Number of protein chains: 2
Amino acid sequence: MNEGTQPIKLTDEQRLDWLRLIRSQNVGPRTFRALLNHCGGARAALEALPTLARRGGAAAPQICSREQAEREIEACGKFGVALVALGEANYPRRLQMIDDAPPLLAIRGNAEVLSMPLVAIVGSRNASAAGAKITERFTRGLCEAGFAIASGLARGIDAAAHRASLTSGTVAVLAGGQDRVYPPEHTDLLEAILPTGLALTEMPLGWEPRARDFPRRNRLISGLSLGVVIVEAAKRSGSLITARLAFEQGREVFAVPGSPLDPRAEGTNSLIKQGATPVTDADDIVSVLRPIIGADLPAREEDAEADEGPQVEPAHDERQRVIALLSPAPVSIDDLIRLSRSSPRVVRMVLLELEIAGRIERHGDGMMSLS
Amino acid sequence: MNEGTQPIKLTDEQRLDWLRLIRSQNVGPRTFRALLNHCGGARAALEALPTLARRGGAAAPQICSREQAEREIEACGKFGVALVALGEANYPRRLQMIDDAPPLLAIRGNAEVLSMPLVAIVGSRNASAAGAKITERFTRGLCEAGFAIASGLARGIDAAAHRASLTSGTVAVLAGGQDRVYPPEHTDLLEAILPTGLALTEMPLGWEPRARDFPRRNRLISGLSLGVVIVEAAKRSGSLITARLAFEQGREVFAVPGSPLDPRAEGTNSLIKQGATPVTDADDIVSVLRPIIGADLPAREEDAEADEGPQVEPAHDERQRVIALLSPAPVSIDDLIRLSRSSPRVVRMVLLELEIAGRIERHGDGMMSLS
């Protein structure tokens with residue numbers, strides 16, 4: 001998981017192990033990272049899963065078999081999908097910086113577009129004619145300025161943004177598998193995107209997107225991008241989730257103002273009140289983003305345990321002290337270390353065991369809760 | 001020109017002198033203040049005008065005669081207009097704090113409204129139906145929260161703001177005399193305002209407002225108010241002047257966002273980009289203003305020469321050095337003092353002479369230019 005300027009390159013065997021690990025039960029992007037840090041590699045992590053789960057108080061999790069992973073890789077090949085690992089040359093550089101970056105991305109189309117500076121444009125599915133028009137204007141202006149566009153292939157603003165950037169490059173970030181386009185009527189639009197642009201997802205082929213996959217997907221839209229433009233958004237809409245994630249990821253957030261009488265502007269006006277940059281034309285965006293195109297993002301904080309030496313097995317009472325401190329309300333790892341009076345590496349190991357056992361969830365910012 | 005909590009009360013004779021002085025040629029609000037500081041009172045200032053003008057290199061300015069002033073006061077009495085002097089109990093407390101506050105205000109109606117916290121609501125003359133609706137909503141919300149409304153009696157947003165605040169109190173700030181309502185079709189609206197509200201102007205009865213009187217008037221709209229709300233405004237509109245003056249006077253500036261496709265929102269969106277607070281309902285305004293209702297404004301800086309003792313007559317070469325430093329581009333008094341190597345009181349006296357001679361103009365922030 002190299003994040004420097006030197007890209008890594010996985011062997012076929014390593015890629016298979018990475019795929020098995022991320023497709024195994026109770027292993028999300030953050031747990032994947034913790035496992036690699038603890039065990040030294042994906043193969044060792046796969047072997048450790050049953051023991052970790054047992055120590056965490058559960059039966060062994062379902063581990064993705066070698067055969068399953070081989071079948072997925074074979075299907076990807078047939079479907080023209082590449083699996084790019086975090087740290088590899090084709091892995092989008094900005095996405096790599098978020099703390100829940102997918103270990104493997106399934107990409108299809110023209111990977112070159114990922115080397116362009118990306119701006120996300122998102123908004124209401126039931127866009128107004130004015131919203132669609134503004135989206136086209138912004139998109140054309142950004143494309144002329146050398147940006148490519150990322151969006152979610154949804155109806156309304158997303159589709160307008162993709163359509164207006166077909167010739168210059170556009171990235172559709174999917175909530176399901178590469179072969180499960182949502183909404184289905186955008187299958188043709190996606191096909192039109194691929195010659196110059198890209199479809200990208202962290203989900204396996206065949207995965208039908210569920211409701212909760214969309215907000216999860218939204219972190220990739222913002223994570224890929226220098227900034228996110230919200231064109232129209234009602235209150236409590238998915239676009240506002242993308243904006244929140246962008247704020248958390250340290251990305252620029254732009255919002256298009258609208259009349260207080262227009263319900264589609266409630267979300268964007270509220271974002272502006274919260275500090276999003278109001279924008280009325282593409283230049284407003286370009287002038288903010290152009291200076292930071294080459295700039296480094298603050299480096300993602302590496303988990304400290306990576307260099308902690310040989311792994312420990314926590315003693316029973318140490319494990320119990322940590323478990324007793326956990327609740328459904330998220331608590332920080334720092335607090336757990338302080339309150340449990342155990343060493344950081346013991347606490348982290350207990351947490352990893354509990355994650356693999358499916359008993360806790362890892363959130364952003366080093367927060368954990370009982371699941 | 002007391003600005004503390006103790007109001008002053010002019011005698012009839014003093015009020016007559018103040019009126020003569022402010023109605024004399026080349027005496028604006030800032031020069032009035034400088035004259036009172038230099039000469040110790042309005043009577044002494046009137047007597048000094050010919051000498052000052054002569055020393056400044058011009059014939060004596062037209063001085064408002066005692067008879068003219070008496071006629072104006074008599075006409076005011078017949079028309080129900082009171083002339084309130086800066087520092088008197090009825091003079092609006094916030095307006096008193098701006099550096100070009102009128103020495104005398106002509107008010108007509110219910111002066112009680114000036115003791116309420118005021119919010120200015122201004123905007124396009126050719127308001128949209130949506131703009132008028134938003135204005136009504138905001139106005140009603142502010143009135144319910146205990147604010148009175150100030151505006152400019154113009155068509156469009158101004159009129160909508162006055163109409164929606166008729167019962168709770170509204171202040172119409174005029175660019176001309178009290179008997180010269182503009183636009184004329186708003187004469188009835190003004191009559192409807194007076195039972196609970198007020199008409200206010202610094203101009204004499206009979207004064208037909210000229211184009212340049214409107215921006216000048218706008219400083220009173222913002223100066224009276226805790227904050228200014230711009231509802232709709234095209235680029236380069238009078239409402240943007242009011243917003244700029246409000247920024248300069250340290251008042252809160254609120255702007256209503258609108259669609260980038262709506263030309264009436266160009267001005268307000270641009271204000272938001274410049275730091276105005278975006279507002280979509282009255283509560284957004286109330287929550288900012290309520291905490292500062294009672295708060296003191298930063299005290300207006302008194303001219304330092306007030307306590308400088310006996311007046312001086314600058315020597316010829318001192319005067320020439322100051323004159324040589326002036327140009328049509330405004331220069332600060334501090335720079336003039338530094339570059340002329342004269343004493344502050346000599347420089348200030350030269351400037352006063354030149355003002356009375358009609359050769360220079362005094363701007364805000366202690367800046368002067370050749371006129």
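Predicted model: local features only at pLDDT ≥ 70, side-chain atom pairs only at ≥ 80, totals over all residues.

Trainee: Which residues line the largest cavity?

Mentor: The lining includes B:Gly152, B:Leu153, the run B:Val173, B:Leu174, B:Ala175 and B:Gly176, and also B:Arg180 and B:Tyr182. B:Pro209, B:Phe214 and B:Arg217 belong to the lining as well. By class, the lining residues are seven nonpolar, two polar and two charged. Gly counts as polar in this scheme.

Trainee: Now a whole chain. How many helices and strands does chain A have?

Mentor: Chain A has 14 helices and 12 strands. Its radius of gyration is 21 Å, close to the 21 Å from the globule rule for 371 residues, so chain A is as compact as a globular protein of that length. Along the principal axes, its C-alpha atoms fill a box of roughly 65 × 45 × 35 Å.

Trainee: What share of the residues of chain A is buried?

Mentor: Buried means under 20% relative accessible area. In chain A, 54% of the 371 residues count as buried. The accessible surface of chain A is about 15700 Å², and carbon and sulfur atoms account for 50% of that surface.

Trainee: And what do the contacts say about sequence separation in chain A?

Mentor: Take the contacts between residues at least 6 apart in sequence: 73% of them join residues at least 24 apart.

Trainee: How do I read a single helix, then? Is helix α1 of chain B enclosed or open?

Mentor: First, a general point: an α-helix has 3.6 residues a turn, so residues three or four places apart point the same way. In this case, helix α1 of chain B spans residues 12-22, and eight of its 11 residues are buried, so the helix is largely enclosed by the rest of the structure. The buried ones are B:Arg15, B:Leu16, B:Asp17, B:Trp18, B:Leu19, B:Arg20, B:Leu21 and B:Ile22.

Trainee: What covers the buried residues of α1(B)?

Mentor: The cover includes α2 (29-39), α3 (42-55) and α4 (66-79) of chain B, together with strands β1 (82-85) and β2 (104-109).

Trainee: Finally, a single residue. Where is B:Glu266 placed?

Mentor: B:Glu266 is in helix α10 of chain B, residues 266-273. With a relative accessible area of 32%, B:Glu266 is partly exposed. Setting aside neighbours within four places in sequence, B:Glu266 contacts B:Ala233 and B:Lys235.

Terms used:
Residues numbered from 1 in each chain as written. Chains lettered and ligands numbered in written order. Heavy atoms only, no water. 1 Å grid on protein atoms, 1.4 Å probe; cavity = no way out; pocket = protein on both sides within 12 Å on 5 of 7 lines; lining within 4 Å. Helix = DSSP H or I, 4+ residues; strand = E, 2+ residues; numbered from the N terminus. Rg over C-alpha atoms; globule rule 2.2 N^0.38 Å. Buried < 20%, exposed > 50% of the residue type's maximum accessible area, 1.4 Å probe, protein only. Contact = heavy atoms within 4.5 Å. Areas by Shrake-Rupley, 256 points an atom, 1.4 Å probe, with all protein chains shown as cover.
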